[in-house]
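Please read it alongside the sequence and model shown here.

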Amino acid sequence: MRVIFAGTPEFARVALERLLAAGFTVPLVLTQPDRPAGRGMKLQASPVKQCALQHGIAVAQPLSLRLDGKYPEDAAAAKAAIEAAQADVMVVAAYGLILPQWVLNTPRLGCLNIHASLLPRWRGAAPIHRAIEAGDAETGVTIMQMDAGLDTGDMLLLEKTAINPADTTATLHDRLAQLGGRLIVEALEMAACGGLKPTPQPAEGVTYAHKIDKAESTIDWNQPAEVIARRVRAFNPFPGAATTLGADAIKVWSCEIDSCSRTPDAACGQIVSIDADGIGVACGAGSLLRLTVLQRAGGKRLPAADFLRGFPLAPGMVLGAAP
């Protein structure tokens, strides 16, 4: 079976590697244009492009696939490459471009998407982050037949996995990437013998995983500790949960909900305790959060005890207050 692959980040690279290991022929890869990254802001190829080049696969990086859009020459070149590939199917994983109808119609078996949620819950750009942030007990991967809507196509395969209490977006991402790679291989093997059975998505339970904005990273200490803890895990590794002490910025990478209630007169964001286990901070609804891994601007992530050696904190100080 000939497979065009469209994807960009590490999540997609894992799936591409699994397809190649399973013996599928991949004549063409579509991925996002190289972007500036790192301290030097040098142009860097996406993980999918790097994988494709390592395997000698042709790569296309159009700015758009819309023939009537802002970059018609890019789209026309991509169309010629897609048609020349003579693929049976296109596999899409976190590609980053909307596929117009001509793309959906070109492969014989259409376009299959690897989506990191249990559809119809968490359609959209950030399903892993939003599942953790919302406190979902489980998530999974859905292999979907793509249509013109936003993650609205028929479901072909679905598998669940639990969200563990300590899961961050980073750890859950890695598990779902491996699951997605395995499921897309199974889906294509079933498709080859006509064994896939599409199931329409339920009309109930639709939620949208909107793109993560850096502005969301600021911790609101008026929220209960449980809510803040979920956001800390959801925003690890990006954009990181952030607070301030005066003019200094601090990122919180790990924390624990303290079973002890805070003192009634403590303000939200006030440091109420410091010990070997971390920094106790008063939160909304009388709750207490213990910060265990922190980072100051320009520094490294450090356990609380090490962080305090270079950034002295004391009970009574208030995080997130205006300088």
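Helix α5 (residues 127–134) packs against α6 at an angle of about 125 degrees, and their axes are 10 Å apart. Axes here are lines fitted to C-alpha atoms, for helices over the stretch in contact, and angles run from 0 to 180 degrees between N-to-C directions. Helices (H or I, at least four residues) and strands (E, at least two) are DSSP runs, numbered from the N terminus. The model is predicted: local features need pLDDT of at least 70, side-chain atom pairs count only at pLDDT 80 or more, and totals for chains, interfaces and linings use all residues. Residues are numbered from 1 along each chain as its sequence is written, and side-chain values use heavy atoms, with hydrogens and water left out.

**Helix packing**

- α5 and α6 are oblique to each other; angles under 35 degrees count as roughly parallel, over 145 as roughly antiparallel, 65 to 115 as roughly perpendicular and the rest as oblique.
- The crossing of α5 and α6 is right-handed; a crossing is left-handed if the near helix is turned anticlockwise from the far one by less than a right angle, and right-handed if clockwise.
- On the α5 side the contact (heavy atoms within 4.5 Å) is made by I128, H129 and I132, and on the α6 side by T169, L172, H173 and L176.
- T168 is found in the loop between β10 (155–162) and α6, and counts as buried at 12% relative accessibility; buried means under 20% relative accessible area, exposed over 50%, and partly exposed in between (1.4 Å probe, protein chains only).
- Leaving aside neighbours within four places in sequence, T168 is in contact with I132, R233 and N236.
- The axes of α1 and helix α2 (residues 47–54) cross at roughly 25 degrees and come within 8 Å, and the two helices are therefore roughly parallel to each other.
- That contact is made by E10, A12, R13, L16, E17 and L20 of α1 together with P47, V48, C51 and A52 of α2.
- V14 is found in helix α1 (residues 10–21) and is buried, with a relative accessible area of 8%.
- The C-alpha atoms of V14 and V48 are separated by 8.5 Å, although these residues are 34 residues apart along the chain.
- With neighbours within four places in sequence left aside, V14 is in contact with A177 and Q178.

**Nonpolar cores**

- A nonpolar core is a set of buried Ala, Val, Leu, Ile, Met, Phe, Trp, Tyr and Cys residues joined through side-chain atoms within 4.5 Å.
- The largest nonpolar core has 46 residues, and those with the most contacts inside it are F5, L19, I114, I143, I184 and L188.
- Helix α6 (residues 169–192) gives the most to this core, with 10 residues.
- I184 is in contact with L19, V91, L112, I114 and I143, leaving aside its neighbours within four places in sequence.
- Another core of 24 residues lies apart from it, with W221, A225, L294 and A304 among its members.
- In soluble globular proteins, nonpolar side chains tend to be buried together.

**Cysteines**

- The count of disulfides (pairs of cysteine sulfur atoms within 2.5 Å) comes to zero.
- C111 is buried, with a relative accessible area of 1%.
- The sulfur of C255 is 8.5 Å from the closest cysteine sulfur, in C283, which is too far for a bond.
- C255 counts as buried at 16% relative accessibility.

**Backbone geometry**

- A cis peptide bond joins L119 and P120, with omega about 10 degrees; P120 is found in the loop between β7 (111–115) and β8 (123–124).
- W122 is also placed in the loop between β7 and β8, and has a positive phi of about 65 degrees although it is not a glycine.
- W122 is buried, with a relative accessible area of 10%.
- A cis peptide bond also joins N236 and P237, with omega about 25 degrees; the place of P237 is in the loop between α7 (225–234) and β12 (241–245).
- Q86, a residue other than glycine, has a positive phi near 50 degrees.
- Q86 is found in the loop between α3 (72–85) and β6 (89–93) and is exposed, with a relative accessible area of 61%.

**Whole chain**

- The protein chain has eight helices and 17 strands.
- Of its 323 residues, 49% count as buried.
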